[in-house]
Amino acid sequence: MTQLAPKPAPDIDWANLGFSYIRTDLRYLSHWKDGEWDAGTLTEDNVLHISEGSTAIHYGQQCFEGLKAYRCKDGSINIFRPDQNAARMRRSCRRVLMPEISDQQFIDAVKQVVKANERFIPPYGTGGSLYLRPYVIGVGDNIGVRTAPEFIFGVFCVPVGPYFKGGLTPQNFLVSGYDRAAPHGTGAAKVGGNYAASLMPGQQAKDTVIDGHHFADALYLDPETHTKIEEVGAANFFAVTQDGRFVTPKSPSILESITKYSLLWLAEHRLNMPVEEGDVYINALDGYTEAGACGTAAVITPIGGIQNGDTFHVFHSETEAGPITRRLYDELVGIQYGDVQAPDGWIVKVTES
Ligand SMILES: Cc1ncc(COP(=O)(O)O)c(C=O)c1O
């Protein structure tokens with residue numbers, strides 16, 4: 001393992017970080033060959049040298065993850081639910097026929113990368129965090145549509161601020177006529193093809209202005225019937241009903257958001273709300289008083305309004321987060337930064353050996 005020489009604090013405006021690539025000091029790489037992953041190393045090189053025939057390039061044989069490390073008030077470092085990302089990455093690997101990574105190797109790699117890039121973790125109180133990007137790609141000489149002869153598991157990190165500008169400021173979303181995934185396709189796996197399919201609808205949403213409303217991203221309906229809400233850009237959807245239930249869609253083409261399942265638990269156990277995973281029909285939005293997008297990058301982004309054809313539906317307010325959304329945000333973010341007691345197993349301390 002490369003030893004990190006002490007380096008000065010990077011010249012970063014922590015309070016105004018966006019969601020852009022910043023080259024950090026070290027990243028982790030492990031290779032799979034002849035049936036096993038090697039021990040993995042940290043490297044300064046941020047460029048991969050792979051065969052032009054790699055299946056990741058031609059056939060999208062790859063998957064990735066996203067999770068965050070947080071600087072706490074006492075200086076320690078929290079990672080939020082990495083076991084859940086490890087489990088989801090195994091499901092993604094299985095779906096596109098790639099070798100799986102054990103919990104131990106995944107969490108160990110993430111911890112190594114956080115420790116080696118500690119100077120890039122935004123200070124407590126700035127609202128920033130260290131975003132970790134694990135990935136697995138099929139590599140090696142190949143040309144036919146088949147699984148790769150070799151694989152790379154990598155983890156790199158980037159200090160980030162809010163994904164949607166403005167934190168708890170409501171954003172509008174535009175219902176797309178396109179689908180990000182097929183009904184029985186790869187929507188539940190975190191594979192690049194789903195994101196390639198979302199680039200054009202996402203750009204169309206950002207380029208659209210209707211009656212003075214701008215849109216942060218596309219909102220996707222279920223690909224089978226186009227009647228139910230599925231995903232909001234690269235985030236899951238939740239809503240609060242008139243009678244105070246927390247509702248979030250369930251479908252095999254949705255990526256199972258770790259943030260969403262955390263909110264389901266927090267709504268039930270900390271806010272004492274009835275919760276359900278169920279259908280949210282796009283033509284029945286009057287039944288909801290609040291709505292939001294949730295994810296590692298999006299955290300909790302309140303939804304101001306949804307544009308569906310000619311109709312613009314406003315939930316709580318176009319300018320302010322609703323009261324339940326705000327309470328959920330305070331619980332979730334409080335747990336992540338170590339200010340609120342976490343449920344068992346949700347936080348992994350990096351400073352622990
Ligand atoms: C398509 C999609 N949906 C939902 C999410 C939110 O998932 P999580 O809360 O695990 O970050 C993400 C981000 O990972 C995503 O890319």
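Author: The ligand site

An oxygen atom of the ligand is 2.6 Å from a side-chain N or O atom of T296. That is a polar contact (a pair of N or O atoms within 3.5 Å). For S257, the distance from a side-chain N or O atom to a ligand oxygen is 2.6 Å. For T259, it is 2.5 Å. The protein covers 96% of the 390 Å² of accessible area that the ligand has on its own; areas come from the Shrake-Rupley method with a 1.4 Å probe.

This is a predicted model: local features need pLDDT of at least 70, side-chain atom pairs count only at pLDDT 80 or more, and totals for chains, interfaces and linings use all residues. Residues are numbered from 1 along each chain as its sequence is written, and side-chain values use heavy atoms, with hydrogens and water left out.

Now the shell. There are 15 residues around the ligand, counted when a heavy atom lies within 4 Å of it. Y195, E231, S257, T259 and T296 come nearest. The shell holds six nonpolar, five polar and four charged residues. Here Ala, Val, Leu, Ile, Met, Phe, Trp, Tyr, Cys and Pro count as nonpolar, Asp, Glu, Lys and Arg as charged, and the others, Gly among them, as polar. Two elements, α5 (258-269) and β17 (288-295), each supply at least two shell residues. Both kinds of element are DSSP runs, numbered from the N terminus (helices: H or I, at least four residues; strands: E, at least two).

Methods
A polar contact is a pair of N or O atoms within 3.5 Å; within protein, one must be able to donate a hydrogen and the other to accept it, and residues adjacent in sequence count only if both atoms are side-chain atoms.
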